[in-house]
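Work through the exercises below with the sequence and the model in view. Each task is followed by its solution.

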Amino acid sequence: MNVARSRTLARRRIASRRADLAALASTDTLTEIDLRMMRRALRLAAGAAAVGEVPIAAVVWRRTGDGIEIVAEAANDREATGDPTGHAEIVALRRAGERLGSWRLTGCSMAVTLEPCPMCAGALVNARLDRCVYGATDPKAGACGTLYRIAEDTRLNHRVEVVGGVLAEESVALLRGFFRSRRARRRG
Ligand SMILES: [Zn+2]
């Protein structure tokens, strides 16, 4: 993503969980669980940066009788696998399908640190996912509201509820830090 263009987002400082919710009041369906899952995805993304992957990660979860079950999670692994489809969302959906023994992920939600691209947004629809909560918007590839609205396109056979901008500044900070240190390494 174009990190520089997200600088304004990064300037917003969110001090507490309560402030998180207040700042995100426009996304009225946002829940504490969404925030918890996004924090988990952000930690996973930070781990990916440490092994040279672009820091983007996704967590798939579902509600159970008495709480939340993490169904699958993944970070972007394109560098390690050489797989052009190795985006965090695709890897997480694949693992979720394996885990549940079904491609149909009805009842599941995803938190992903960066707005899904067209490929991943298409995969969310194909997986029949209930909801997608994303962090930073992606002006170069965002397909859940920025360039396209694939997940909510009524012409398709399934719609995924989308909540965007959740803890976006943390995601932007991770991405910016990663690209900055990569540029520094290349210069050095
Ligand atoms: Zn993608």
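A residue is buried if 20 or more other C-beta atoms, placed from the backbone, lie within 10 Å of its own. Helices (H or I, at least four residues) and strands (E, at least two) are DSSP runs, numbered from the N terminus. The model is predicted: local features need pLDDT of at least 70, side-chain atom pairs count only at pLDDT 80 or more, and totals for chains, interfaces and linings use all residues. Residue numbers start from 1 along each chain as its sequence is written.

**Exercise 1.** Find how many residues of β4 are buried, and identify the strands that pair with β4.

Solution. Five of the six residues of β4 are buried. Next, take the pairing (at least two DSSP bridges between two strands). β3 and β4 are parallel, with five bridges; M110 has C132 as its bridge partner in β4. β4 and β5 (residues 161-163) are also parallel, with three bridges, and R131 is partnered by E161 in β5.

**Exercise 2.** Which residues of α6 are buried, and where do they lie around the axis?

Solution. In α6 (residues 118-126), the buried residues are C120, A121, A123 and L124. Because they cover an arc of only 155 degrees, taken from the directions from the helix axis to the C-beta atoms, they lie on the same side of α6. These residues pack against α5 (88-100), β3 (108-114) and β4 (131-136).

**Exercise 3.** List the contacts of C132 beyond four places in sequence.

Solution. A contact requires C-beta atoms, placed from the backbone, within 7 Å. Leaving aside neighbours within four places, C132 is in contact with M110, V112, P116, L124, C144, A151, V160 and V162.

Terms used
A residue is buried if 20 or more other C-beta atoms lie within 10 Å of its own, exposed if 12 or fewer, and partly exposed in between; C-beta atoms are placed from the backbone. Two residues are in contact if their C-beta atoms, placed from the backbone, lie within 7 Å.
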